[in-house]
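Subject: Structure handover

Hello,

My notes on it follow below.

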Amino acid sequence: MIIDKKSDFDAVDLSFEEIDKGFTPRQAIAEAKRCLDCAKPHCRAGCPVENDIPQFIKALANGNIGEASAIIARRSNLPAVCGRVCPHEQQCESRCVLNKKGEGIKIGKLERFIADFDAEMEITQSEACPVQKKDKGKVAVIGAGPAGLTVAGDLAKQCFEVTVFDAQEEPGGVLIYGIPDFRLNKDVVRREIHKMERLGVTFRNRVLVGQDITIDQMLQEGFDAVFIGTGTALPKRLDIPGNDLAGVVQASYFLRIVALANSGKISPREIPVSIGDKVFIIGAGNVAMDAARTALRLGASGVTVVHRRGESEITALRSEFEHARAEGVTFRWMSSPAGFFGDEKVTAIELETMALDETNRLVPTGEKDTLTADKIILAIGQRPAARIISSAGGIEVDPNGYVITRERPYGMTTRRGVFAGGDVVHEPATVVLAMKEAKKVAAGIAMYVEAKKLIEECGM
C-alpha cells in the first residue's frame, strides 16, 4: 500500500539551501535560560562524546559564548556539524527531564548556535602547539571523515604531529560528499576543518592509500602510529534480475555526484536523476531519506521509498522521515523489490508484498505488481573496501571485512602500531557514534606512542 501525504508539499522549500536556519541570539539565550542545570544531568549521559551540556548551556545563558565554546571544545572537534546532524532526539535531548512536560531543551540547536556565533565573531582561535612541544610523536590518519577528523583533532590538541591522508580532493568524507547541503552546509564543514589546520593538522588530499602510499611506507617514513578511518566505501548490491541495468544507481554515488555538481566541480549533466523522472528508493535509513529528498529537489516527478517492513521499523530518524514525507516523498511499506526491467535502461520495478507469519517472521506472499520507473536508487547499506588492508600485512578482518581491533590499547589492530575506528570497525552508524569510538582510539594511540617513545629513550 502506498501512503502519500502531500498536504504541505506546496509550502515546502525544495532548494538545496540549509533548511534549519538555527537560533537567533535572543532565541538561543532564552532557550538556554530554560535549562534546570540538573545535579545529575541525564542529557550528558545521553551524549556519545559526553559533552558538558549543562555547563555550556549555563555559560550561554549568562552571555559567555566564548566560555560555552571552550567547554564544548573539550569533547568535540566538530560542534557546528554535530549541532546539525547528530540524532539529538534519540540521545541528549531524549534524556532532558523537561520532556515530561513536552518542553525538552533544544540542545543540538544551542550547540550549533554557539559554534556558528563563535566562528562568525572569531571569539576563540585554535592554535597549534609550540614547535618545541611537537616531539610527542607522528601519527598518520587515513580518511578525513568524522572518525579521522576526530582522531586528528584530539591528537593535535595533545601536541602530536598529525597528517591526514584522503583520496578525495578535499577533506570531510561523508560530511562533504554524503550528507546533502539542505541538512549540512558544506562551508560549515570547511570551517571546522580549517580550525584543525590551525591546530597544526596537515591534510594530504588526492592520495589513494594502498596505491599511492601504503601503511608499510608510512611506518618506514617515521610515523609512530597509523589510524585507519576509511568508513565503508563499497555499497551492497541486490541480487535480483536487472540490477545491472542503466538507471540503477547506488545512493552513495548519487549523493556524491550531486554534491560535486552543486559545488561546481562537475557538470550537472552528470547527475543521474533528471526532471520528470519517477524514482524509487530501496531502503529506509537516513541515507535513503537523503536520497529521496535530493531527488525531489532535482525535479523528479515522483519519489517512492520502498521498505520491506512497516513504518514503525524504519532505521531513519523519525524527524528525517517526517521531513521526507512533508516534502512529498511517498512510501510503500511491506514491499520488497523482486526485479528491475527494461532493455538496456530500467523502465519498471516489480515489487512483491511481504507479510508476517505466525512466528512474526517476514515472508514473501507471492503477490507482485509492476510499476513504471525511470531511476532506482539503492540505499541498502555499505561495507568496507579491502584496498588498504590488502596492501599491508598483519591486519586481520572478520568475515564481513570489518577490521578486528583490541581493547588495550584501545583500537589497535592485529598489527602493532596500526589502529582503526569508526565504520570500518563497526557497522555503519551516525557521525557522533563514529566520533565517540574515534575519541577512545585517539586515547589508545596517545598511550601507545608515549609508551613507544619511553622505551626508545630507555634504549630497551
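**Aromatic pairs**

Phenylalanine 182 is buried, at a relative accessible area of 2%. Keep in mind that this is a predicted model.

Which ring does phenylalanine 182 pair with? The partner is phenylalanine 16. The ring centres are 6.2 Å apart, with 45 degrees between the planes, and the pair is tilted. Phenylalanine 16 sits in the loop between strand E1 (2-3) and helix H1 (25-33). Phenylalanine 182 sits in the loop between helix H8 (174-177) and helix H9 (186-199). The pair therefore links distant parts of the chain, 166 residues apart.

Phenylalanine 321 and phenylalanine 331 make another pair. Their ring centres are 4.8 Å apart. Their planes stand at 65 degrees, and edge-to-face means over 60, so this pair is edge-to-face. Phenylalanine 321 belongs to helix H13 (residues 318-327), and phenylalanine 331 to strand E10 (residues 330-332). The pair thus ties together parts that are 10 residues apart in sequence.

**Charges over rings**

Lysine 109 lies over the face of phenylalanine 23, at 4.5 Å from the ring centre. Arginine 256 has its charged end over the ring of tyrosine 177, 5.4 Å from the centre.

**Cysteines**

The disulfide count is 1. Cysteine 129 and cysteine 159 form it, with their sulfur atoms 2.1 Å apart. The torsion about the S-S bond is about -90 degrees, so the disulfide is left-handed. Cysteine 129 is in the loop between helix H6 (107-121) and strand E2 (138-142). Cysteine 159 is in the loop between helix H7 (146-157) and E3. The two are 30 residues apart, and the pair links distant parts of the chain. Both cysteines are buried.

Cysteine 82 is in no disulfide. Which cysteine sulfur is nearest to that of cysteine 82? It is the sulfur of cysteine 86, 3.6 Å away. A disulfide needs sulfur atoms within 2.5 Å, so 3.6 Å is too far for a bond. Cysteine 82 counts as buried, at 3% relative accessibility. Cysteine 86 counts as buried as well, at 10%.

**The parallel sheet**

Strand E3 (residues 161-165) runs parallel to E4, and 3 bridges join them. In one of these, threonine 163 has threonine 202 in E4 as its bridge partner.

**The antiparallel sheet**

Another open sheet has 3 strands, in the order E11-E12-E13. Here the pairing is antiparallel. Strand E11 (335-341) and E13 are the edge strands, and each pairs on one side only. Neighbouring strands are turned by 25 degrees against each other on average, direction ignored.

How many bridges join E11 and E12? There are 6, in the antiparallel sense. Phenylalanine 340 has isoleucine 349 in E12 as its bridge partner.

Strand E12 (residues 348-356) and strand E13 (residues 362-372) are joined by 8 bridges and run antiparallel. Glutamate 352 is bridged to lysine 368 in E13. The hairpin of E12 and E13 has 5 residues between the strands. Within that hairpin, asparagine 360 takes a positive phi near 70 degrees.

**Annotation**

UniProt, in an unreviewed entry, places the feature "domain: FAD/NAD(P)-binding" at residues 138-438. Over that stretch the chain is 27% helix and 24% strand. The end C-alpha atoms of residues 138-438 are 17 Å apart.

Best wishes

Note on methods
Residues are numbered from 1 along each chain as its sequence is written. This is a predicted model: local features need pLDDT of at least 70, side-chain atom pairs count only at pLDDT 80 or more; totals for chains, interfaces and linings use all residues. Side-chain values use heavy atoms; hydrogens and water are left out. UniProt positions are given in the numbering used here, feature names are shortened, and annotations may be inferred rather than shown by experiment. Helices (H or I, at least four residues) and strands (E, at least two) are DSSP runs, numbered from the N terminus. Two strands pair if DSSP finds at least two bridges between them. Rings of Phe, Tyr and Trp (its six-membered ring) pair if their centres lie within 6.5 Å; planes under 30 degrees apart count as stacked, over 60 as edge-to-face and the rest as tilted. Buried means under 20% relative accessible area, exposed over 50%, partly exposed in between (1.4 Å probe, protein chains only). A charge sits over a ring if NZ of Lys or CZ of Arg is within 6 Å of the ring centre and within 35 degrees of the ring normal. Axes are lines fitted to C-alpha atoms, for helices over the stretch in contact, and angles run from 0 to 180 degrees between N-to-C directions.
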